[in-house]
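Thanks for coming. Please have the sequence and the structure open.

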Amino acid sequence: MKNIIKKIKEYYPVSDEALQALQQEMQLVHVPKNTMLVRSGVTDHNVYFIEEGVARSIFHKDGTDTTTWFSMEGNITFGMYSLYHNMPSVESIQTLTDCKVYVIPIARLNKLYDKYIDIANWGRVAHQDANRLLSHIFVERLQMKPSERYHCFMQHFPGLLNRVKLKYVAEFLGISIYTLSRIRSNKQQ
């Protein structure tokens, strides 16, 4: 759990006792590439901590998939509506590589929030940071040129470009694959 613990401690100084309690509630799962961890339209009762690998969140509409987020080593991922409202997820989450994932039921994580203030604070800070990043990305899509969005993507998700299909990055940036290719070729010159 090296990557997960490192990321948790980057957000908040969680005690060793609380980390041990968290680890005891988790189950290690090896998830093959292209597996749907969460399916839209289904209430998922788990939170997924990615130790190794990459996943993407996908919004489905009228037969078209749009990548809305990427999660990789040290990140958590979950169906947002399921976590916050016990409702079916509006997005799916798909593994893009073979993944080593630690899974904890939402109910058990909530009990840990009640028992350990440092775990609750870690969760709050991690969610605030994700919300901040989502807000920036939303504004970037509205106000920035595609090349500027690409530059910000490279800062927000370093090293990810070589690990995922470029069409997923283009979807995430709200541009065509052709525009992304042109931007990348201009950057390499």
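Let me begin with H5 and H6, whose axes come within 10 Å and cross at roughly 165 degrees. The axes here are lines fitted to C-alpha atoms, for helices over the stretch in contact, with angles from 0 to 180 degrees between N-to-C directions. H5 and H6 are therefore roughly antiparallel to each other; the classes are roughly parallel under 35 degrees, roughly antiparallel over 145, roughly perpendicular from 65 to 115, and oblique for the rest. The H5 and H6 crossing is left-handed, a term that applies if the near helix is turned anticlockwise from the far one by less than a right angle, with right-handed used if it is clockwise. On the H5 side the contact is made by Leu-133, Ile-137, Glu-140 and Arg-141, and on the H6 side by Arg-149, Cys-152 and His-156. Contact means heavy atoms within 4.5 Å. Helices (H or I, at least four residues) and strands (E, at least two) are DSSP runs, numbered from the N terminus.

A word on the source. This is a predicted model, in which local features need pLDDT of at least 70 and side-chain atom pairs count only at pLDDT 80 or more, while totals for chains, interfaces and linings use all residues. Residues are numbered from 1 along each chain as its sequence is written, and side-chain values use heavy atoms, with hydrogens and water left out.

Next, the other helix pair. H1 and H2 pack with their axes 12 Å apart, at an angle of about 135 degrees. That makes H1 oblique to H2. H1 passes H2 in a right-handed crossing. Ile-5, Ile-8 and Lys-9 of H1 make the contact with Asp-16, Leu-19, Leu-22 and Gln-23 of H2.

Which residues of H2 are buried? In this helix, residues 16-25, they are Ala-18, Leu-19, Ala-21 and Leu-22. Buried means under 20% relative accessible area, exposed over 50%, and partly exposed in between, with a 1.4 Å probe and protein chains only. Seen down the H2 axis, the buried residues fall within an arc of 160 degrees, so they line one face of the helix; the arc is that of the directions from the helix axis to the C-beta atoms. Asp-16, Glu-17 and Gln-24 are exposed on the other side of H2. The cover over the buried residues of H2 includes H1, strand E8 (99-105), helix H4 (106-115) and H5.

Now the charged pairs. The structure holds six salt bridges, where a salt bridge is a side-chain nitrogen of Lys or Arg within 4 Å of a carboxyl oxygen of Asp or Glu. I will take three.

In Glu-10 and Lys-7, the closest N and O atoms are 3.9 Å apart. These two residues are three apart in helix H1 (residues 2-11), and so are separated by about one helical turn. Glu-10 is exposed at 53% relative accessibility, and Lys-7 is partly exposed at 23%.

Asp-129 and Arg-132 form another salt bridge, with closest N and O atoms 2.5 Å apart. Both lie in helix H5 (residues 117-143), three residues apart, about one turn of the helix. Asp-129 is partly exposed at 24%, as is Arg-132 at 44%.

Glu-73 sits in the loop between strand E5 (64-71) and strand E6 (76-77), and Arg-163 in the loop between helix H6 (146-156) and helix H7 (166-173), so the pair ties together parts that are 90 residues apart in sequence. Glu-73 is partly exposed at 27%, and Arg-163 is partly exposed at 33%.

Finally, the loops. Asp-62 is not a glycine, and its phi is positive, near 50 degrees. Asp-62 lies in the loop between strand E4 (55-61) and E5 and is exposed, at 72% relative accessibility. Asn-86 also has a positive phi, about 55 degrees, although it is not a glycine. Where does Asn-86 lie? Its place is in the loop between helix H3 (80-85) and strand E7 (91-95), and Asn-86 is exposed at 52%.

Asn-34 lies in the loop between strand E1 (27-31) and strand E2 (36-38) and is partly exposed at 47%. Leaving aside residues up to four places away in sequence, Asn-34 touches Gln-94 and Thr-95. The C-alpha atoms of Asn-34 and Arg-56 are separated by 10.0 Å, the two residues being 22 apart along the chain.
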